[in-house]
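This briefing is meant to be read alongside the sequence and the coordinates.

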Amino acid sequence: MTNETDPGPGPDQQVSNGGTGPLARASVREPDESSPEVVTASSTDAAATSSEKPSGKPEEKASEPAAASPAAPANPFAGIPVSDYVRDGVAALLLFVSLTMPWDLGHPASDKVEVILVSVLSLLSLALPYLARTGVLPTTWTVHTTRRARLLANAPYGLLVGVYLVLDLVNGTAGNGWGGLGTGLALGLAGAVLAAQPRQAELGPVDQDRAVTQTWVKVLIGLGALAVVGAVVAFVFSLTLGLGVVGIFARLVVAVLAIGLVGLPVWGVLRKQESWRLVLVGLGIALAVLFVLNTGSLLVSYESLRGGQFGLLLVPAVAAVAASPAVARSTTSESPVRTWVAVAVNTLDLVLLVAAVLVVRAILWLAAGLSGVVVILALVLGLLMVGVTLVARRALARDAVSGRTLALGGAGVVAVLAIVLLIVVANQAGLGIGVGIDLLLLAFGLPAITAFALMVPAEVRTHFAENRPASLVGADAAPSAYVWQPPAPRPARPQPAQEPVAGPHGDGSYATGPDGHGPVAGAYEQDPVAPASRPTSAQPYSPAQQPAQPVSQEPYRSAQPTQQPTQPVAQEPYRPAQTQQPAQPVAQNQQPYSPAQPQSQPVRPVEQYQPTQVLPAQGVQSARPVQPAVQERSGYAARPGYAAQAAGETAVLPAYQDPQPVGFSAAQALDPSTPLEVLAQIVQEAPHLRPQVAANPSTYPALLEWLGNLGDPAVDAALRSRGR
């Protein structure tokens, strides 16, 4: 019986595939640590092979090794993440660029031999992991050896930076060319820190390789403390420079800026907040770029402990430590969306800090006697930046979906204002005011970090694409800013009603105004006992011959077709002998003289466009002026339902009801398919249907705004129901 089980590779094949270098040991350990399935399969095959009985045929044993094909050589650089390549490339770039930048006040980095030597040593340390993977290094070389060797190779760069810090502190005012610290030192130190830190591929499990994380967290604390203490020491030395009160406060503001930009992010990292770690990394990148682009600026390229300004040059190095994979493992992991939104919020906090520093510096410039466009513009624009940033930061922290647009807009406004101020400051020479690092951060650095956090990460873009902010005015009114809609109708302006004027008979009679039929308010009446009817040319007045007759006049035809003329109240006849006496009440059974018409037949009323009028008698002047009467809702004008009352009785009028327009219905006002022009016509001609139009989902925004300005409670309730 033939054995068909594959016996697996022999010992000679295992030796040829694995080799004797460190890569071979790593490849042998990888199945044990990271591939339990492979370990199970290999052990199962080995057990199956050992359990089989020998076939006793030497020709089959000799042919089995020859039948196995040789394995392809493994890639020695497999398993290295892209982040490790990027970290090595950035470290080398910073070390090279630092050689072209100023190291101190008097020399560039390329003029100092010691700087060149330590830079070359740091560059060589970048090749250690690649040499170890290719088998060039001894067989006893391990990952731990690579990490220790890289750290030792970059330690001289840090020691050299410490020496120059002491030289600046001691010889800052000696004038021997050893004072000051330049941006070449800052970028070179950041490159050395990147070269010294362990790579992602060199880290073990968190529970087994915890010491490396603790070591680099201590390095972060040390560099952050050095920057903060250096800022405090620089301020203390500024007290000895004789700057005056304003100058001392100016250096204090500079120290606060450095402490805030370094201390806040470092403190956040120590509290295990991933967002602050990313903010620190972004701030370091922004400062490194600004250092390179502003090499010729004295305010940007140099700092000095003895000169009263220090701290910001160490931010790139602190950011390089925060970018280490070992430090990244010490922070608490959250969802990517929450983390990047927190990055934007924290960056806006730094914008508030820098903008507030700009405002305080502008106030100090004014206190120092400086004036002009630059100072006033710095103060005004700084206050605007503070206000815009506060609004944007609050909106984003409260609701990321609805506040994202406002945060991006706020960052853009801050950048535009800072660029305007930057241009003005750069063109105003001789004022003692220059372009500082705070203004550059407001113009380019911090707004760019905010925009990156809210727009670039794929998780953030996906989240905000799936969660659109709701419109503030409703979905039906959202396109009103860019879609044409008919304008809202203008509200009809009501005509002012003419106020009635009290006549001589109290509230039941009225005097007329300047219409030609009565005296104006304030004039004198001719006769207090004048009849209610008005004499005309067709019936002349003759007090000596006969009593007054009611005049037959054409009634005023009202615009309302439903109203019918009513009978006027019977009037008292005119008595010429009592012209100087006040009017006497007439008995209820007394009837006026009317030879032309019988008593039972009604007479036509007087004009109804004005209330019932009382006219004075001719030839008699009264000593009482006409007094204006208080406006009432209803009078004794002819209205539907009014019946004539006897003299001395009170006429009771029915409740007045506004006529209801005909042609529109509530269903039409609520119908979403009703044309917009018809809706505008309804609110004009049918005021009682305005609440239904306000509740119609098709009503356009301009008409809704017009309805809201009416102050009608029913309309306001309908408008509020739309937002539910």
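In this predicted model, R277 is found in helix 12, which covers residues 274–293. With a relative accessible area of 9%, R277 falls under the 20% limit and therefore counts as buried. When its neighbours within four places in sequence are left aside, R277 is in contact with V269, A322, A323, V327, A328 and T331.

- R150 is found in helix 8, which runs over residues 143–171, and because its relative accessibility is 0%, R150 counts as buried.
- The side chain of R150 is joined to that of E202 by a polar contact of 2.8 Å.
- Not counting residues up to four places away in sequence, R150 touches S125, L128 and P129, and also A195, A196, Q197, P198, R199 and E202.

- The buried residues of helix 5 are D84, R87, D88, A91, A92, L94, L95 and S98.
- Seen down the axis of helix 5, these buried residues fall within an arc of 160 degrees, so they line one face of the helix.
- V82, L93 and F96 are exposed on the other side of helix 5.
- The partners against which the buried residues of helix 5 pack are helix 6 (113–125), helix 7 (128–133), helix 8, helix 9 (183–196) and helix 15 (325–328).

**Nonpolar cores**

- The largest nonpolar core has 115 residues, of which W103, L261, F291 and M385 touch the most other members.
- Helix 16, made up of residues 336–367, gives the most to this core, contributing 18 residues.
- F291, one of the core residues that touch the most other members, is in contact with M101, T183, A186, L187, V300, L312, L313, P316 and I437, once its neighbours within four places in sequence are left aside.

**Helix 18 and its start**

- A400 is found in helix 18, which extends over residues 400–427.
- At the start of helix 18, a side-chain oxygen of D399 reaches to within 3.3 Å of the backbone nitrogen of V401.
- A400 touches V341 and F464, not counting residues up to four places away in sequence, and the C-alpha atom of A400 is separated by 10.0 Å from that of N467, which is 67 residues away along the chain.
- The 28 residues of helix 18 should span 40 Å at 1.5 Å a residue, and its end C-alpha atoms are 39 Å apart, which agrees.

**The protein as a whole**

- The protein has 25 helices and four strands, and buried residues make up 37% of its 724 residues.
- Among contacts with a separation of 6 or more, 75% are accounted for by residues 24 or more positions apart.
- The accessible surface of the protein comes to about 39400 Å², and 61% of that surface belongs to carbon and sulfur atoms.

Key: Residues are numbered from 1 along each chain as its sequence is written. This is a predicted model: local features need pLDDT of at least 70, side-chain atom pairs count only at pLDDT 80 or more; totals for chains, interfaces and linings use all residues. Side-chain values use heavy atoms; hydrogens and water are left out. Helices (H or I, at least four residues) and strands (E, at least two) are DSSP runs, numbered from the N terminus. Buried means under 20% relative accessible area, exposed over 50%, partly exposed in between (1.4 Å probe, protein chains only). A polar contact is a pair of N or O atoms within 3.5 Å; within protein, one must be able to donate a hydrogen and the other to accept it, and residues adjacent in sequence count only if both atoms are side-chain atoms. Contact means heavy atoms within 4.5 Å. The arc is that of the directions from the helix axis to the C-beta atoms. A nonpolar core is a set of buried Ala, Val, Leu, Ile, Met, Phe, Trp, Tyr and Cys residues joined through side-chain atoms within 4.5 Å. Accessible areas come from the Shrake-Rupley method with a 1.4 Å probe; for residues, only the protein chains shown count as cover. The expected span of a helix is 1.5 Å times one less than its number of residues.
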